[in-house]
There are 2 protein chains.
Amino acid sequence: MNRRGLLLILSSPSGAGKSTLTKMLMAWDSTMRFSVSATTRSPRPGEADGREYYFRARPDFEAMVAAGEMLEHAEVFGNFYGTPKGPVESAMKEGRDTVFDIDWQGGQQIRNSSLGRDVVSIFVLPPSIAELDRRLRTRGQDSDEVIATRMAKSRDEISHWAEYDYVLVNEDLTDTFERLKTILTAERLRRDRQPRLSDFVRGLNTEFAAR
Amino acid sequence: MNRRGLLLILSSPSGAGKSTLTKMLMAWDSTMRFSVSATTRSPRPGEADGREYYFRARPDFEAMVAAGEMLEHAEVFGNFYGTPKGPVESAMKEGRDTVFDIDWQGGQQIRNSSLGRDVVSIFVLPPSIAELDRRLRTRGQDSDEVIATRMAKSRDEISHWAEYDYVLVNEDLTDTFERLKTILTAERLRRDRQPRLSDFVRGLNTEFAAR
């Protein structure tokens with residue numbers, strides 16, 4: 001029997017490094033599954049359907065919600081975002097961990113869902129707001145107005161930091177990634193995530209009995 | 001404000017490597033405090049009062065229990081063992097973690113005490129009973145009868161493995177120690193163990209407000 005995969009939720013304001021950390025994690029452990037969200041927003045340049053997001057028309061998205069196929073969903077800036085439930089449950093059964101690059105609303109809903117006890121949640125904070133602003137600007141593809149809106153959203157996002165199991169201040173990416181790997185490695189060592197242990201201890205007891 | 005120190009409880013059957021791991025941990029991080037238990041049993045060769053144990057006469061031990069000065073205590077093989085509470089609380093306030101090399105009875109009592117939420121508990125299992133037996137014998141100072149009694153106690157101890165947060169099978173000491181350090185490092189990154197974060201986020205909000 002495989003261990004049950006865990007659900008690693010990474011949240012942070014835009015620009016704090018969450019997406020980069022997620023990519024590093026996926027490259028480090030190829031057994032991990034990235035949870036691709038569904039959204040009603042239009043693809044940005046370079047985004048592909050099924051990779052960054054499942055891009056869905058509004059009626060299709062609403063039909064999925066109505067059918068109970070979304071683990072969580074929320075509206076942000078007039079667009080819907082949500083996590084299809086099926087792939088998450090499949091990965092868990094296979095003993096694969098799933099990484100979620102989602103905001104506090106999504107995190108809150110998954111924590112409160114029936115899969116809540118399998119959640120490990122991490123909030124990534126920027127070292128300063130000046131640095132957050134700098135990182136958003138160097139992406140270079142957004143207008144001042146878009147950046148201002150995103151900074152307001154960041155402030156809202158940061159206000160939920162205390163709902164997470166772990167908090168990482170991302171001063172240095174390499175260092176933050178080390179701490180992220182440490183958390184994941186430790187969480188996998190939790191007793192309730194090692195189902196083979198029961199068999200192992202049964203074996204020890206058989207040895208005792210045979211003495 | 002310092003973070004509140006955590007209580008790291010290590011339990012295992014005698015010979016599974018718990019005491020060695022504890023010593024390695026103390027050598028690795030000099031800020032950690034080893035919880036010295038009090039006991040009514042006689043010192044073994046090489047043991048010093050206040051280092052391995054506080055050796056106390058039975059009436060003195062019972063007076064400490066009566067005065068509420070023991071965080072936990074239990075009787076094993078006709079002797080009392082217990083953890084003096086004062087030093088643990090002082091360490092916590094100083095932000096120092098305390099390591100407990102205690103059995104399941106002590107672990108259970110500390111988990112159920114008022115300090116329970118600060119506990120991180122780890123159970124160390126031997127790779128096999130044959131190996132456990134071998135390790136007990138190579139200590140070379142105990143009779144067959146003492147070893148038999150200790151093996152019975154080991155079986156009892158192992159039956160409580162499922163009460164612990166984490167379980168480590170100690171096949172290779174270096175590897176097990178790495179996993180132990182990983183668990184401790186991750187647990188220190190938990191949000192509720194980083195009290196300075198509140199101030200840090202307050203700083204971020206001040207930055208937002210000043211924009």
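**Ground rules**

I number residues from 1 along each chain as its sequence is written, and I letter chains from A and number ligands from 1 in the order in which they are written. Since this is a predicted model, local features need pLDDT of at least 70, side-chain atom pairs count only at pLDDT 80 or more, and totals for chains, interfaces and linings use all residues, while side-chain values use heavy atoms, with hydrogens and water left out.

**Confidence**

I looked up pLDDT, the predictor's confidence in each residue, from 0 to 100. Chain A has a mean of 92, and 98% of its residues reach 70 or more. For the model I noted ipTM 0.88 and pTM 0.90.

**Chain A overall**

I found 8 helices and 9 strands in chain A. Both are DSSP runs, numbered from the N terminus: helices are H or I with at least four residues, strands E with at least two. The C-alpha atoms fill a box of roughly 75 × 40 × 30 Å along the principal axes. Of the 211 residues in chain A, 51% are buried. Buried means under 20% relative accessible area, exposed over 50%, partly exposed in between (1.4 Å probe, protein chains only). I then checked contacts, meaning heavy atoms within 4.5 Å. Among those in chain A with a separation of 6 or more, 69% join residues 24 or more positions apart.

Two strands pair if DSSP finds at least two bridges between them. In chain A, 5 strands form an open sheet with parallel pairing, in the order 2-7-1-8-9. Its edges are strand 2 (33-34) and strand 9 (166-169), each pairing on one side only. Strand 8 (residues 119-125) pairs with strand 9 over 4 bridges. There I saw A:Ile122 opposite A:Tyr166.

**The core**

Which residues have the most contacts inside the largest nonpolar core? They are A:Leu8, A:Leu125, B:Leu8 and B:Leu125, and the core has 92 residues. Such a core is a set of buried Ala, Val, Leu, Ile, Met, Phe, Trp, Tyr and Cys residues joined through side-chain atoms within 4.5 Å. I followed A:Leu8: not counting residues up to four places away in sequence, its contacts include A:Met32, A:Phe100, A:Ile122 and A:Leu184.

**Chain B details**

I turned to strand 6 (residues 79-84) of chain B, which runs antiparallel to strand 3 (residues 37-39) and is joined to that strand by 2 bridges. B:Ala38 stands opposite B:Gly82. Strand 5 (residues 70-76) of chain B also runs antiparallel to strand 6, with 6 bridges. One pair is B:Met70 and B:Pro84. Strands 5 and 6 of chain B form a hairpin with 2 residues between them, and B:Phe77 in the turn has a positive phi of about 50°.

Next came B:Lys181, in helix 7 (residues 173-188) of chain B. Is B:Lys181 buried or exposed? B:Lys181 is buried, because its relative accessible area is 16%. B:Lys181 touches B:Leu25 and B:Trp28, leaving out residues up to four places away in sequence.

**Two copies**

I laid chain A on chain B by a turn of 180° and a shift of 0.0 Å along the axis, with an RMSD of 0.0 Å. That is the relation of a two-fold axis. The superposition is by least squares on C-alpha atoms of residues with pLDDT of at least 70 in both copies. The same surface serves both: 98% of the contact residues of chain A recur in chain B.

The chains bury about 3,600 Å² between them, 67% of it on carbon and sulfur atoms. In chain A, A:Leu189, A:Arg191 and A:Phe208 lose the most area to chain B, together 19% of what that side buries. Buried area is the accessible area (1.4 Å probe) that two parts lose on being put together, summed over both.
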